[in-house]
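Look at the charged side chains in the structure below. Which of them pair up, and where do they sit?

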Amino acid sequence: MDEVASLVKDRVCNDMKQTLFHDFSAIEVLEAVNQMHPSKALRSDGTSKLFYQTFWSQVGDDVIRTALNILNSNGDTSFLNNTYLTLIPKAKKSNHASQFWPIGLYNVIFKIITNTIANRLKKILSPLVSGNQNAFVLGGLITNDALSALKKFHCMKTKQSGRKG
């Protein structure tokens, strides 16, 4: 395995490593909070993102301190590890499991931390991911990959005979 791994070129340059490994800042945490949709479903801690955004002047310092402690100092995350799964009905009279959407209710602080990490990764991801991996680049859709594959299969199917077959 080591022999094979040694043949793979490093794709993350030193500048990218510096971007990834420097300590997270309060500005990055605040950016993650502001990017979150305020009126999505309540979280497992009983609050919505709107609560944090509305009362940021009262809770912001504690949220930032908690997030930075976890992100920069490997702080305790045990309080974040509760996620409630619930089913949301697709129709008014849902009586079968296939007629429900599953949804996970997690802690807002967890979402703030993961968004902060994701924002950092976005800064270096584009040069690392091939352009044909649409699902992993900003603005790309996994459906683009499926459509491209279908076009190729159709072309192969119709070109089974003749000189170009």
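The paragraphs below go through the salt bridges one by one. This is a predicted model, in which local features need pLDDT of at least 70 and side-chain atom pairs count only at pLDDT 80 or more, while totals for chains, interfaces and linings use all residues. Residues are numbered from 1 along each chain as its sequence is written, and side-chain values use heavy atoms, with hydrogens and water left out.

Side chains of opposite charge can pair when their charged atoms come close. A salt bridge here is a side-chain nitrogen of Lys or Arg within 4 Å of a carboxyl oxygen of Asp or Glu. The structure has three of them.

Start with arginine 120. Its side chain meets glutamate 28 in a salt bridge, N to O, at 2.8 Å. Arginine 120 is in helix H6 (residues 108–128) and glutamate 28 is in helix H3 (residues 26–35), so the pair ties together parts 92 residues apart in sequence. Helices are DSSP runs of H or I, at least four residues, numbered from the N terminus. Both residues are buried, which means under 20% relative accessible area; exposed means over 50%, and partly exposed lies in between (1.4 Å probe, protein chains only).

Lysine 123 forms a salt bridge with glutamate 28, with the closest N and O atoms 3.9 Å apart. Lysine 123 is exposed, at 54% relative accessibility.

Now turn to helix H5 (residues 56–73). There, arginine 65 and aspartate 62 are three residues apart, about one helical turn. They form a salt bridge, with the closest N and O atoms 2.7 Å apart. Arginine 65 is exposed at 52%, and aspartate 62 is partly exposed at 43%.

Methods
Helices (H or I, at least four residues) and strands (E, at least two) are DSSP runs, numbered from the N terminus.
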